[in-house]
Amino acid sequence: MLLEQVEYVRPQSLDEALEILANDDGAAPLAGGQSLTNVLKNRVASVDVLVDISRLDDLAGIARTADGGLSIGACVTYDELDRSADVRQTHWLLGEVAAHIEDQQIRNKGTIGGNCCLSDPTNNLPPLLVALDAVMELRSRAGQRSVASADFFKGYFATALEPGELLVSVTVPPMPAGSGAGYTSLAVGADAKAMVRAAARVTLDGGTIADSRLVLARVAHVPVRDTDAEARLNGGDATEESVAAACAGVADGMQPIADVHGSSEYRRQMAKVMARRAVSQAVAAARGSRNGSKAGGN
Amino acid sequence: MGERGTSHAVTVEVNGEKVSRIVAARQLLVHFLRDTLGLTGTHIGCDTGNCGACSVIVNGKLVKSCMILAPQVDGATIETVEGLADGDSLSPLQESFHEHHALQCGYCTPGMLMSATYLLRQNPDPTDEEIRRGIRGNICRCTGYVNIVKAIRAASREQASGGRPVPAAAGEEV
């Protein structure tokens, strides 16, 4: 046995799950288990009872919201995001990023909720969700609250979730008219963990960038918006030269993390490159017809 | 109210056969298959979800059985490598692996076969890139990937040319 002795329970309703999570400090929600199972094998976290939320209808499925956005259940898998016609139609890039997470086995089990709640800085979805202004819907026995994705990720394996609180869904607002999104990763090998990532969203007004989001990942322990670079992009020309000039100063005010994968200075330089490519992709996507698409398709 | 405890009754259908057992909550699916049910065709390579040797198909979805706890699959339909052959008659993929020398030590082969079976169900005519992405979660430490890709490609072509198809998922209409 690799795991320590642990209890398991599969509640029949969301209320029952919230009750267990509220009453037991040692309770941990189990969704796809593609990270938690390894945490348990390594015995680095103490869990008394695993609360299997993977079969709860309240956490399943992808729905279109009235305003044309998406409401994505916390237990929706990466593979479901990839294959969802609604996701591909409204936020093509979200499906595409999900389609490139690790491997098919993990995509069949891993969930958007787990990807966010683990708050592992290497996870793919958090920077994109921040760039898309997604909102995290949290519920506990006390009620429901909404937290902007930009405020949800608090640190290395830390989120805004309070004890007894569960992420139930992620709301992704519709892409503004004339907008597009981009996403680039510096990784060794296809679909591997990234050393630096950038996610961008731009809204064009003719040949000008009217509004932008530029989010960097793996530069800090949480996704960070480079609001200085956004300010340089906003109001500027949507040309390669202008985007490159605005992105030349990306991460200059930051102290990127250093680890075995790269020094702080290397990450700063690569952040500039990833940012420029992500913004350029977003501009190309905004000019094309496909929402949130990468430039040039696949 | 779901039952809470350190052991659970689990009923699953494995390769067409219904089995019920009491399992420890902490037992991994791969140990349930190998140790409890004696289905040792599913291999353990790494225990950490990296190598894919333990890949099986649960409710039609390819998964790594070392990344799932046994109580999580209660009620599920499970396919393992033992279910691919029909008696002594190998599946088209197994035959193709044999013909194209797609195994050297053979340790990764059960997982490779399950990933390839899943791939060809989803995508009967994959490109080489799609095949490589389809086995992205399976590591061959003999690094015999070229022949594995060849074998999967050949099986898909044989299927397209009217040869024996890859068996449909358990419970699916054929």
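The structure is a predicted model, in which local features need pLDDT of at least 70 and side-chain atom pairs count only at pLDDT 80 or more, whereas totals for chains, interfaces and linings use all residues. Residues are numbered from 1 along each chain as its sequence is written, and chains are lettered from A in the order in which they are written. The contact between the two domains of chain B takes 14 residues from domain 1 and eleven residues from domain 2, two residues being in contact if their C-beta atoms, placed from the backbone, lie within 7 Å. On the side of domain 1 of chain B that touches domain 2 of chain B, the largest share, three residues, comes from β3(B); helices (H or I, at least four residues) and strands (E, at least two) are DSSP runs, numbered from the N terminus. By class, this side of domain 1 of chain B has seven nonpolar, seven polar and no charged residues, where Ala, Val, Leu, Ile, Met, Phe, Trp, Tyr, Cys and Pro count as nonpolar, Asp, Glu, Lys and Arg as charged, and the others, Gly among them, as polar.

Helix α3 of chain B (residues 109–122) has 14 residues that should span 20 Å at 1.5 Å a residue, and its end C-alpha atoms, 20 Å apart, agree with this; the expected span is 1.5 Å times one less than the number of residues. The helix is mostly covered, with twelve of its 14 residues buried, a residue being buried if 20 or more other C-beta atoms lie within 10 Å of its own, exposed if 12 or fewer, and partly exposed in between. Among the elements that cover the buried residues of α3(B) are α4 (128–134) and α5 (145–160) of chain B, together with α6 of chain A.

Between the chains, 29 residues of chain A are in contact with 29 residues of chain B. The side of chain A that touches chain B receives the most from α6(A), which gives five residues, and its residues divide into ten nonpolar, nine polar and ten charged.

Chain A is itself divided into domain 1 (7–52), domain 2 (57–172) and domain 3 (179–287). The C-alpha centres of domain 1 and domain 2 of chain A lie 19 Å apart, and 13 residues of domain 1 of chain A are in contact with 18 residues of domain 2 of chain A. Helix α1 of chain A (residues 14–23) supplies the largest share of the side of domain 1 that touches domain 2, namely six residues.

Strand β6 of chain A (residues 135–140) contains A:L138, which counts as buried because it has 22 C-beta neighbours inside 10 Å. Leaving aside its neighbours within four places in sequence, A:L138 is in contact with several residues, including A:V147, A:L161 and A:L167.

The axes of helices α11 (residues 240–247) and α12 (residues 264–287) of chain A come within 9 Å and cross at roughly 145°, where axes are lines fitted to C-alpha atoms, for helices over the stretch in contact, and angles run from 0 to 180 degrees between N-to-C directions. The contact is made by A:E240, A:V243, A:A244 and A:C247 of α11(A), with A:K272, A:A275, A:R276, A:V279, A:S280 and A:V283 contributed by α12(A). By class, this contact has six nonpolar, one polar and three charged residues.

Note on methods
Domains from an automatic or database assignment.
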